[in-house]
Amino acid sequence: MKCEKKDLLMYAVTDRRWLNGDTLSHQVEQALEGGATFIQLREKELDEARFLEEAKELKKLCRKYQVPFVVNDNVEIAVQAEADGVHVGQKDMEAGEVRRKLGEDKLIGVSVQTVKQAVLAEKLGADYLGVGAVFHTGSKADAEAVSSETLRAICEAVDIPVIAIGGIGKDNVEKLAGTGICGIAVISAIFAQPDIRTAAEELKGLTEKTLSRKRVLTIAGSDCSGGAGIQADIKTMLANGVYAMSAITALTAQNTTGVTGIMEVTKEFLGEQLDNIFTDIMPDAVKIGMVSASPLIAVIAEKLVQYHAKNIVLDPVMVATSGSKLISEEAVAALKEYLLPLASLLTPNIKEAEVLCGKRILTDEDMVSAAQEISEKYSCAVLCKGGHSLNDANDLLYCKGTYRWFRGKRIDNPNTHGTGCTLSSGIAANLAKGYDLNTSVKRAKSYLSGALGAMLNLGSGSGPMDHGFELRGTYCQ
């Protein structure tokens, strides 16, 4: 039996302490009616015969609601009751021995508290992990708390699903956002409540909201006119259904006719912004725009490594499509040394790709060759943007030895301020939502076309696009 992440969203664990004259099967059915997605029978009081009878009864009930049913600790009861599997702790039978007794078609869950325990459990055949206690819990008052950092590290270290356990309820489940878990295990938050069905329903909804809303961080400069930089990134991310956060590298005074002033933040303040974001609301993806100073580039790289950032989309803003240099040679060298090797995807325009590969790009074949060279040099995927200077809005994605063209039709709109920011932010948003790289690029290009096609016309120069073109009919009437 395969363990699906969706089955682990709200993992309900029984506890006889909260019966108060009710029956366990009635309480479990209320939890299932409220949306529990997985049931674990945890029994410490009954003799073997009554335990087996109860297990068979709950298994039958779980079949009715088509949710997995496992027994806590007791492999023999699980086998006799034909349960879907067993959940064991660190002091119980290890996962390999459980597998030998259960067979290959049953589920094995293992409780862990450290990365080492998690990796070993996966190696020995665990199908999912329960990590905790993440908060204080009455069921295991002596359990040592597992920090959010450790929970996140465990999720990153294994390929099997991870759920958080211990003291979780409506008042604190949102604190688990961004840790990488796929669900929560609860006891009293459901079974100790006067209305079990309603409690389960409300907690499930809150958990779905917490775990489904993805978060993206943009690290870039501010554009006070709103067309590019941080402002364009946030608009794009919102329009693509993710929660946007920002770390500002510089303030600019600019409008559609040009930039008149730049004030960079200090490396210390940029580091402080990043610390505050990563330690509280962990991003599911990171988009990096123009960073013009070497010390800022170095601190960004340091923090990305420190916090194990993932899905890093780097728009290596170095050269305008007109050919004008935008950052110093020193900053270019710092980008190459510190940031490019950390990226999941680079999105250079033709001129920037020429800087990165050291040769001219004049044809489609040159784009393929350059993208391959850059990809192999920095161990990342590369989206080489055809843009204005080579072909009709056709971009080339090179990843792991293969390439794909994303064909586009040029939109006759002179207002293209912020197209690069918008495309890379759209890709980051879709990667955060779990789309693969090809799909993320396709969706981002489609959104960009829509924003350009809306034909917004503001300012005297190259104006911004309409990032909210899809929202017009919903909120603006």
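Predicted model: local features only at pLDDT ≥ 70, side-chain atom pairs only at ≥ 80, totals over all residues.

Guide: Let's start with the rule for ring pairs: rings of Phe, Tyr and Trp (its six-membered ring) pair if their centres lie within 6.5 Å, and planes under 30 degrees apart count as stacked, over 60 as edge-to-face and the rest as tilted. Ring pairs link Y11, F38 and Y128 into a cluster. Residues are numbered from 1 along each chain as its sequence is written, and side-chain values use heavy atoms, with hydrogens and water left out.

By the ring rule, the count comes to five aromatic pairs. One of them is Y11 with F38, a stacked pair with 4.5 Å centre to centre and 20° between the planes. This pair links distant parts of the chain, since Y11 sits in strand β1 (residues 10-13) and F38 in strand β2 (residues 38-41), 27 residues apart. Helices (H or I, at least four residues) and strands (E, at least two) are DSSP runs, numbered from the N terminus. Y11 and F38 are both buried, where buried means under 20% relative accessible area, exposed over 50% and partly exposed in between (1.4 Å probe, protein chains only).

Another stacked pair is F278 with Y307, at 5.1 Å centre to centre and 5° between the planes. F278 lies in helix α10 (residues 267-278) and Y307 in the loop between α11 (294-306) and β13 (312-314), so the pair ties together parts that are 29 residues apart in sequence. Here too, F278 and Y307 are both buried.

Most residues other than glycine have a negative phi, and most peptide bonds are trans. H308 is exposed, with a relative accessible area of 51%. K310 is in the loop between α11 and β13 as well, and its 40% relative accessibility makes it partly exposed. Leaving aside neighbours within four places in sequence, K310 is in contact (heavy atoms within 4.5 Å) with P283, D284, A285 and V286. K310 and P283 are 27 residues apart in sequence, yet their C-alpha atoms are 8.0 Å apart in space.

N20 has a positive phi of about 50° although it is not a glycine, and with a relative accessible area of 72% it is exposed. S25, in helix α1 (residues 24-33), counts as buried at 19% relative accessibility. The S25 side chain makes a polar contact with the side chain of E57 (3.1 Å). For that term, think of a pair of N or O atoms within 3.5 Å; within protein, one must be able to donate a hydrogen and the other to accept it, and residues adjacent in sequence count only if both atoms are side-chain atoms. Not counting residues up to four places away in sequence, S25 touches E57, L58 and L61.

A133 is in the loop between β6 (128-132) and α6 (148-157).
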